[in-house]
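Please open the model in a viewer and keep the selection tool at hand.

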Amino acid sequence: MIYTLPCGEDPSALRSLHPEALYFDLAEYIARKTGRSAEELRDASPELYGIVEEEAFRDLVVMAEITGVPRIVRLCAHTLDNTECSRLAAENGV
């Protein structure tokens, strides 16, 4: 299960509703995964950023499925504009 938050929203309320869920900020996850900030990647190549964003979001969805531990994911500003991210979110109850 994936619970999502809009970019910039405080996760406190959602974390209190789902204390078993692990929390991830998608922009921070992308930065850890690539060594570059999400903004830097997006500015350098919007197309590449879309691929990286999709891969990072898919990582979190798959890990939730494999482990059975839900994730709370704070999305980037336009994550749901990414067709594949939007599809993954819809398939996972978002």
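This is a predicted model: local features need pLDDT of at least 70, side-chain atom pairs count only at pLDDT 80 or more; totals for chains, interfaces and linings use all residues.

Residues are numbered from 1 along each chain as its sequence is written, and side-chain values use heavy atoms, with hydrogens and water left out.

**Helix α4.** Select residues 46-67, which form α4; helices here are DSSP runs (H or I, at least four residues) and strands likewise (E, at least two), numbered from the N terminus. Next, highlight Y49, G50, V52, E53, A56, F57, L60, V61 and A64, which are buried (under 20% relative accessible area, 1.4 Å probe, protein chains only). The buried residues of α4 pack against several elements, including β1 (2-5), β3 (71-74) and α5. Just after α4, G68 takes a positive phi of about 75°.

**Helix α5.** On the α4 side, display E53, E54, F57 and R58; on the α5 side, display E84, C85, R87, L88 and A89, which complete the contact (heavy atoms within 4.5 Å).

**Loop residue H18.** Finally, select H18, in the loop between α1 (12-17) and β2. H18 counts as buried because its relative accessibility is 18%. Leaving aside residues up to four places away in sequence, H18 touches Y3 and I72. Y3 is 15 residues from H18 in sequence and 9.0 Å away in space, C-alpha to C-alpha.

Methods: Axes are lines fitted to C-alpha atoms, for helices over the stretch in contact, and angles run from 0 to 180 degrees between N-to-C directions. Buried means under 20% relative accessible area, exposed over 50%, partly exposed in between (1.4 Å probe, protein chains only).
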